[in-house]
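I opened the model to look up its sheets, its helix packing and its core. My notes follow in the order I took them.

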Amino acid sequence: MSGEDAPGGGYTLGRVLDHVALRVADYPASRRFYMALFAALGLSAHVHEGPDGLDIDELYIGPARQGGPVRRGLHLCLQAKNRAEVQAAHAQGVSAGGLDNGAPGLPDYHPGYYAAFLLDPDGNNIEIKVDERITSRSAPFIEVGTG
């Protein structure tokens, strides 16, 4: 997270990644886990499902192709709006088959960094975080036109 070119010493989001694709071993188990997280984060209405899996913004989750690799060992950090969302996502993720990998709290990263960690059904480290230092955003999300 760099503040080099962000106004007011903040940091930028949304400029580097186009998408992240997770190919999973057990799609129904992964779907249940991620849908629980998205519900806790108030994002269920933004999930799109199709024959190849589900997607929300830059994140795609689908079954591994026959003979193809399963994505493991990845660290993803999902954004929360507040501590209550971090706590709810952690609890719902555990209830939906995730493994606790760090209870909600204040890790020693920087002031206002409140996060929880889970392992998804394939062992990926999923973090849910709120940065309480954030006082504003230039936009709640980025919309891209295609025509």
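**Entry 1**

I began with strand E2 (residues 48–50) and strand E3 (residues 53–56), which run antiparallel and are joined by 3 bridges. Before going on I noted the ground rules. This is a predicted model, so I took local features only at pLDDT of at least 70 and side-chain atom pairs only at pLDDT 80 or more, while totals for chains, interfaces and linings use all residues. Residues are numbered from 1 along each chain as its sequence is written, and side-chain values use heavy atoms, with hydrogens and water left out.

I also wrote down the terms. Helices (H or I, at least four residues) and strands (E, at least two) are DSSP runs, numbered from the N terminus. Two strands pair if DSSP finds at least two bridges between them.

Which residue of E3 stands opposite His-48? I found Asp-55 there. E2 and E3 make a hairpin, with 2 residues between them. Gly-50 has Gly-53 of E3 as its bridge partner.

Next I followed E3 onward. It pairs with strand E4 (residues 59–63) over 3 bridges, in the antiparallel sense. Asp-55 turns up again here, opposite Tyr-60 in E4. E3 and E4 also form a hairpin with 2 residues between them.

Strand E1 (residues 20–24) pairs with E4 in the parallel sense, over 5 bridges. Arg-23 stands opposite Gly-62 in E4.

Together I get an open sheet of 4 strands in the order E1-E4-E3-E2, with mixed pairing. E1 and E2 are the edge strands, each pairing on one side only. Neighbouring strands here are turned by 15° against each other on average, direction ignored. For such angles, axes are lines fitted to C-alpha atoms (for helices over the stretch in contact), and values run from 0 to 180 degrees between N-to-C directions.

**Entry 2: Asp-57**

I stopped at the loop between E3 and E4, where Asp-57 sits. Its phi is positive, about 50°, although Asp-57 is not a glycine. Most residues other than glycine have a negative phi. Is Asp-57 buried or exposed? It is exposed, with a relative accessible area of 58%. The scale is: buried under 20% relative accessible area, exposed over 50%, partly exposed in between (1.4 Å probe, protein chains only).

**Entry 3: the E5-E8-E7-E6 sheet**

I then turned to the other set of strands. Here 4 strands form an open sheet in the order E5-E8-E7-E6, and the pairing is mixed. E5 and strand E6 (99–105) are at the edges with a single partner strand each, so one side of each is left without a neighbour in the sheet. Neighbouring strands of this sheet are turned by 20° against each other on average, direction ignored.

E7 and E8 run antiparallel and are joined by 7 bridges. Ala-116 has Ile-128 in E8 as its bridge partner.

**Entry 4: the helices**

Which strands does H1 lie across? I read E5, E7 and E8, with H1 running at about 5° to E8. H2 lies across E6, E7 and E8, at about 10° to E7.

H1 and H2 pack at an angle of about 160°, their axes 8 Å apart. From this contact I listed Phe-33, Ala-36, Leu-37, Ala-39 and Ala-40 of H1, and Glu-85, Ala-88, Ala-89, Gln-92 and Gly-93 of H2. Contact means heavy atoms within 4.5 Å. The two helices are therefore roughly antiparallel to each other (angles over 145 degrees count as such).

**Entry 5: the core**

Last, I looked up the largest nonpolar core, which has 27 residues. Such a core is a set of buried Ala, Val, Leu, Ile, Met, Phe, Trp, Tyr and Cys residues joined through side-chain atoms within 4.5 Å. Tyr-34, Leu-37, Phe-38, Leu-59, Ile-61 and Ile-128 touch the most other members. E1, helix H1 (27–40), E3, E4, strand E5 (75–79), helix H2 (83–95), strand E7 (113–119) and strand E8 (125–131) each supply at least two residues. H1 gives the most, with 7 residues.

I checked Phe-38 separately. Leaving aside neighbours within four places in sequence, Phe-38 is in contact with Leu-43, Ser-44, Val-47, Leu-54, Ile-56, Leu-59, Ile-61 and Leu-78.

Note on methods
Angles under 35 degrees count as roughly parallel, over 145 as roughly antiparallel, 65 to 115 as roughly perpendicular and the rest as oblique.
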